[in-house]
Amino acid sequence: MARDFSRQLLDALEQYTDEVVETVEEAVDDVGKHGREEWKQAAPKRTGAYRRSIKLKKMKSNGVFRVTIYSDAPYHRLTHLLEFGHKARDGSMVKAQPHIAQVEQDVTQELEDILTEVLKG
């Protein structure tokens, strides 16, 4: 009888774990897509090439699901310069156009809220 109970308990925990993992993967995917679109909207636009270079990469390794939002080559070099400003060729300073930090904060908070809600019940 004790074996039956422990087997049922293990089955229930495995089912709960599978559901949580699936929900977390969906949440990470959705928040990643939302973050990419938010970054594209916040990015400075001169020709639009930098905005078009913003990509989303999904990875799963050792049970960890990860989404990376990045700017593809050759515009990946612009992210730091645009976000923090830089010195121009003539020696003057180019004003920063922060657009990534706020998106990062928003996406992190959104994912945290979703995961908290899912894990509470």
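Trainee: What share of the residues in the protein is buried?

Mentor: The model is a predicted one. A residue counts as buried when its relative accessible area is under 20%. Of the 121 residues in the protein, the buried ones make up 20%.

Trainee: In which order do the elements of the protein run from the N terminus on?

Mentor: The secondary structure comes to four helices and four strands. Read from the N terminus on, these elements follow the order α-α-β-β-α-β-β-α.

Trainee: Is Phe 65 buried, partly exposed or exposed?

Mentor: Phe 65 belongs to strand β2, which covers residues 64-71. Buried requires under 20% relative accessible area and exposed requires over 50%. Because its relative accessibility is 23%, Phe 65 counts as partly exposed.

Trainee: How far apart in space are Phe 65 and Asp 29, C-alpha to C-alpha?

Mentor: Leaving aside residues up to four places away in sequence, Phe 65 touches Glu 25, Val 28, Asp 29, Lys 58, Met 59 and Lys 60. Phe 65 and Asp 29 are 36 residues apart in sequence, and their C-alpha atoms are separated in space by 8.8 Å.

Notes: Residues numbered from 1 in each chain as written. Predicted model: local features only at pLDDT ≥ 70, side-chain atom pairs only at ≥ 80, totals over all residues. Heavy atoms only, no water. Helix = DSSP H or I, 4+ residues; strand = E, 2+ residues; numbered from the N terminus. Buried < 20%, exposed > 50% of the residue type's maximum accessible area, 1.4 Å probe, protein only. Contact = heavy atoms within 4.5 Å.
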